[in-house]
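Welcome! Please take a look at the sequence and the model shown here, and then let us walk through them together.

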Amino acid sequence: MRTKRVRAIALPIALILSASLLAGCAPQEDAGLVIYSGRSESLISPFLNEFTALTGIKPDVRYGDSAALAAQLLEEGHNSPADLFISQDAGALGAISEAGLFATLDDAILNRVEEKFRSSRLDWVGISGRVRVLAYSPERVKNLPTSIDQLTSPDYRGRIGIAPTNASFQAFITALILSRGESAAGNWLEKLKANAVKLYERNSQIVAAIDAGEIDLGLVNHYYIWEVSKALGREIAVANGFFAPGDTGNMINVAGVGILSTSSKKGSASELLAFLLSEAVQRGFLEDTHEYSLVLKDANPQGLPPLSQIPAPRVDLSLLANLSKTQALLMKVGLI
Amino acid sequence: MLAFLAASLPLFYLLRRALDAQISEIALILFRGKTLEILATTLGLTAAVTACASLIGVALAWMLFNIDFPFKSGLQALVILPVAIPSYVFAYSWILLIPGFKGFWAALFVLVLATTPYVTLTTLAALRRSDWSTYEVSQTLGLNGWQIFARVTWPQIKNSVAAGSLLSSLYVLSDFGAIALLGVDTLTRAIENIYRGSFDRSSASILALILVAISALLIRLEERSRQKLNIVKSSARIITKGVTTGKLRIKLIALLAINTYLALGLVIPISQLLSIFFANSTSINYSLLSKASLSTLLAACLGALIALALALPVGVLSAQGSKLGKVSDKAILIVHALPGIVMGLALVSFGSSIGWLYQSLLLLSFAYALLFMAKAVGSVRSSVARVPENLIEISATLGQKKSATFRRVVIPLATPGLLSGTLLVLLAAMKELPATLMLKPIGFETLATQMWSYTSIFRFNEAAPYALLLVLVAAIPTFLINRPDKGDGLGGDRI
């Protein structure tokens, strides 16, 4: 009885498995352009399909978290099958660049964006901009703080949310260390913690918490308002605010792309990179994800000032790769 | 031997990476206040979850075995199904239900729901192969239900309960999804954060080695609690029903308890998924959905088969008391506490130099086997250990070769344990994410990776159908294997 049943289960499974193993093991020589993408599928694949229609080049994409993909690329080293790495933040790009795994890019590509939005080693380039903002509830916050230093005042006790494990928050703290020095930055973090700041895992959770009335303000990237609103299928009661011009709280970070030095398809990879920086795609980023275009300088996401008018501090994005100091500081303060 | 080598692969990787670190760095990581705090939280949470899950798991298994209900075999399969729900889905559905659901107690609650099935399943399997004759004797002697449990049942299931509890504690150690959403700082979260923030693989490896040390400790504990069975294994009968209690009051209480668990662990997450989906329903891409289901099943089945192939010799050798078997057994279990990202990177490090193997279906399934064979090895060991020696002797007396005895006596009798172990590997592999993202062939999407691609951009409504299907697909093997009353599968006929 039992053997019969086991056979009844095992036989079809064995058949399916062997068939698919054969299919799976078929040599995939001359695979297409291999992309490791930290940008999620639904945000990038429509553009990649367009690229294929235009050029006939078919990219094979491995999606993942930007930081995990960076760790994977570092682990693969010179054996990496990847040709191109699309990252959602400058830090992950910087880590690959520091390890010397990126190839130098053509001037034609580099010159598409301003110097401050690309690597100083000339081996990666930003493709879209993301601005740090102070998300707040217009109902419960009438006067916006003008500096991140005001966030530590008793007025905001228990009302602020941050996501200290998030790469975008850590990039902001790195910028803070660069501008004020380590002890001042540590001091600010200590005071923020003492002010009963609430900790979240993701930026989107902070925005949702403001909408739900759990907290009143949060340090996030600018596009989460649209993301959360879309996810909930309704308008949310959260607005984006800025600090006074030059405050580190307004810093601009980028999502960007680099070409791996081990790639044997650098030509097609460059073609794709140029395509991602073309006007049509840049406009797409602006409309789909409400990110800033780094090419269309006067275009802006609905309801926000254009990029050139963001009161942002000057930050060298190439320096964001080494977050170990930042992490050590956050650990010392006890926020992560 | 192969299994041992495979299991020690990640350990070698960790040691190599950890040795890259500077001594001062190591000291900074190990001796800061926060590390101690993290360590305390990790240990506290693991202990609390394991204790609760064991208690509830044994209670559920006992009730489902000893008390007659309508649709009993269905219930027996249902209580195992929460294993198929990823821990972050659990966490997220409760966060939606209770605003501000966060912190240690929230994590305790969610992880108990998620890990109880490990104890329930191993205990049920043990109950089914417990010795029927001792029940008959104890009933003849006029012992009551509680006395029978304490004196007859418990000694026979104790080892399996310990094995299940160990699985649940290793699950807590390696969990990231629920822990991160609920904001609890455990070692696994700290490891993940280091990878994310500084790409610093050596500090992360040092923390991972601490995790390895903790799991080694837990395994030692479990081993010490495991006693040599001093029951004479005379009967090889496999039983499907225990000492039936017919009292209505007890029946009602039991039914209430079982349904409460099902409501919290299955109905609430699923109904939350449904409500997320319908709150903002979008068109479903059915071809993508069905392709992802098939891929999930394919990779997970392959993984489960490889795991069984590796765990079987280890379990058998370990049950026979062989040194190699015991060492491999432990290596497999230790590795089980490691977070998926660590295992993924270890296999990337080893696989990327072998072009044809790297990011193939084979390597992915191998990764699943490596990650989860710990879930099978315990039940293989204990079910092989319970095969009556006199049957093996009789078989030898009848002139059967060792291999034939193994095939015709040991395997059939151990089948319930083997199946339940393999099932656990299968269910766990189906929802695996971090290693899958790194190792899957490009374009090969599983339900978990699809779900992730939507949740990572906060599109929970689009992720919901994938999560629902994950539970549904997982239900198939669970029901198929868990049909004791039909006289096959886990239960088997009485011999």
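## Two domains in chain A

Domain bounds come from an automatic or database domain assignment. For chain A, that assignment gives domain 1 (33-129 + 252-314) and domain 2 (131-251 + 323-333). This is a predicted model, in which local features need pLDDT of at least 70 and side-chain atom pairs count only at pLDDT 80 or more, while totals for chains, interfaces and linings use all residues. Residues are numbered from 1 along each chain as its sequence is written, and chains are lettered from A and ligands numbered from 1 in the order in which they are written.

The centres of domain 1 and domain 2 of chain A, taken over C-alpha atoms, are 26 Å apart. Where the domains meet, 16 residues of domain 1 of chain A are in contact with 19 residues of domain 2 of chain A; being in contact means that the C-beta atoms of two residues, placed from the backbone, lie within 7 Å. On the domain 1 side, α4 (90-98) and β9 (252-259) of chain A each supply at least two residues. Helices (H or I, at least four residues) and strands (E, at least two) are DSSP runs, numbered from the N terminus.

## Strands of chain A

Which way do the residues of strand β3 (residues 84-87) of chain A point? L84(A) and I86(A) point one way, F85(A) and S87(A) point the other way, and all are buried. A residue is buried if 20 or more other C-beta atoms, placed from the backbone, lie within 10 Å of its own, exposed if 12 or fewer, and partly exposed in between.

β3(A) pairs with strand β1 (residues 33-37) of chain A in the parallel sense over 3 bridges, where pairing requires that DSSP finds at least two bridges between two strands. Here I86(A) is the bridge partner of S37(A). β3(A) and β9(A) run antiparallel and are joined by 4 bridges, with S87(A) opposite G256(A).

## Where chains A and B meet

The contact between the chains takes 53 residues from chain A and 53 residues from chain B. On the chain A side, the largest share, 10 residues, comes from α1(A). By class, this side has 27 nonpolar, 16 polar and 10 charged residues. Here Ala, Val, Leu, Ile, Met, Phe, Trp, Tyr, Cys and Pro count as nonpolar, Asp, Glu, Lys and Arg as charged, and the others, Gly among them, as polar.

## Buried helices in chain B

Helix α15 (residues 340-351) of chain B has 12 residues, of which 11 are buried, so α15(B) is largely enclosed by the rest of the structure. Among the buried residues are I341(B), M343(B) and L347(B).

In α17(B), 12 of its 12 residues are buried, including K375(B) and R381(B). The helices they pack against include α6 (103-128) and α19 (402-431) of chain B.

Is Q450(B) buried or exposed? Q450(B) counts as buried because it has 26 C-beta neighbours inside 10 Å. Q450(B) lies in helix α21 (residues 447-455) of chain B. Leaving aside neighbours within four places in sequence, Q450(B) is in contact with A292(B), E445(B) and Y466(B).

## Confidence

Chain A has a mean pLDDT of 87, and 90% of its residues reach 70 or more; pLDDT is the predictor's confidence in each residue, from 0 to 100. Over residues 22-30 of chain A the pLDDT is below 50.
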